[in-house]
Amino acid sequence: VYSSYKRMRQGHITRPPRREVVMEIADYLNCTLEERNRLLIAADGAPVAPYFTGDKLLELLQAAIGVAQTLTVPALIINRDWSIHYLNERLLHSYTITPEQLDQIPMDKRNLLRLMYDPQLPLYARLIDNYPSWLRMARQTMYGFKMANLLCQVERWYVELVDELMTLPD
């Protein structure tokens, strides 16, 4: 991956590798985000921004929900694992889902991907009626999820979510 590694170890090259090279090395080693950031910092690079959790995430969610409530178009708020934190009234209406139906979905099942693939959840039945359209949307959504989490594919939460989703039909 890094052809100059041996020369660097011998002291002939004193500058650290470029960011792209460090990222390629991290990809090759299947590094987690934390490990990737340690490599970047060691190479005098800026780390990848960590994901928000705890109070900071709640603060950001409050602001995002405030905005989504004022929108005149369907909107939802998801986080990095695509857990749904908010669906506005227009989105519920467009899929003919009542707030009561949404409240019946356990919090651990409120994931955008799970809603698309789980036949036990109300959205699936409405989407699967037009199978070609559902298939196209499912593929685009899965691709979007993979691209959005490209640096997280070896993270435990990602692997667990994918394993869980693989148990669902289609």
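Me: What should I know before I start?

Reply: This is a predicted model, where local features need pLDDT of at least 70 and side-chain atom pairs count only at pLDDT 80 or more, while totals for chains, interfaces and linings use all residues. Residues are numbered from 1 along each chain as its sequence is written, and side-chain values use heavy atoms, leaving out hydrogens and water.

Me: Which residues have the most contacts inside the largest nonpolar core?

Reply: In soluble globular proteins, nonpolar side chains tend to be buried together. A nonpolar core is a set of buried Ala, Val, Leu, Ile, Met, Phe, Trp, Tyr and Cys residues joined through side-chain atoms within 4.5 Å. Buried means under 20% relative accessible area, exposed over 50%, and partly exposed in between (1.4 Å probe, protein chains only). Here the largest core has 26 residues, and L87, L115, Y117, W134, F145 and W157 have the most contacts inside it. Elements that each supply at least two of its residues include β2 (84-87), α9 (131-148) and α10 (156-166); helices (H or I, at least four residues) and strands (E, at least two) are DSSP runs, numbered from the N terminus. The largest share, five residues, comes from α7.

Me: Which residues of α10 are buried?

Reply: W157, Y158, L161 and L165 are. Looking down the axis of α10, they fall within an arc of 100° (taken from the directions from the helix axis to the C-beta atoms), so they line one face of the helix. R156 and M166, on the other side, are exposed. The cover over the buried residues includes α7 and α9. F145 is in contact (heavy atoms within 4.5 Å) with W157, Y158 and L161, among others.

Me: How many salt bridges are there?

Reply: Side chains of opposite charge can pair when their charged atoms come close. The cut-off is a side-chain nitrogen of Lys or Arg within 4 Å of a carboxyl oxygen of Asp or Glu, and a search of the whole structure finds eight. One of them pairs D27 with R36, with the closest N and O atoms 2.9 Å apart. D27 is partly exposed at 43% relative accessible area, whereas R36 is buried at 2%. Another joins R110 to D103 at 4.0 Å.

Me: Where does helix α3 put N37, buried or exposed?

Reply: N37, in α3 (residues 33-42), counts as buried because its relative accessibility is 11%. Leaving aside neighbours within four places in sequence, N37 is in contact with P47 and V48.
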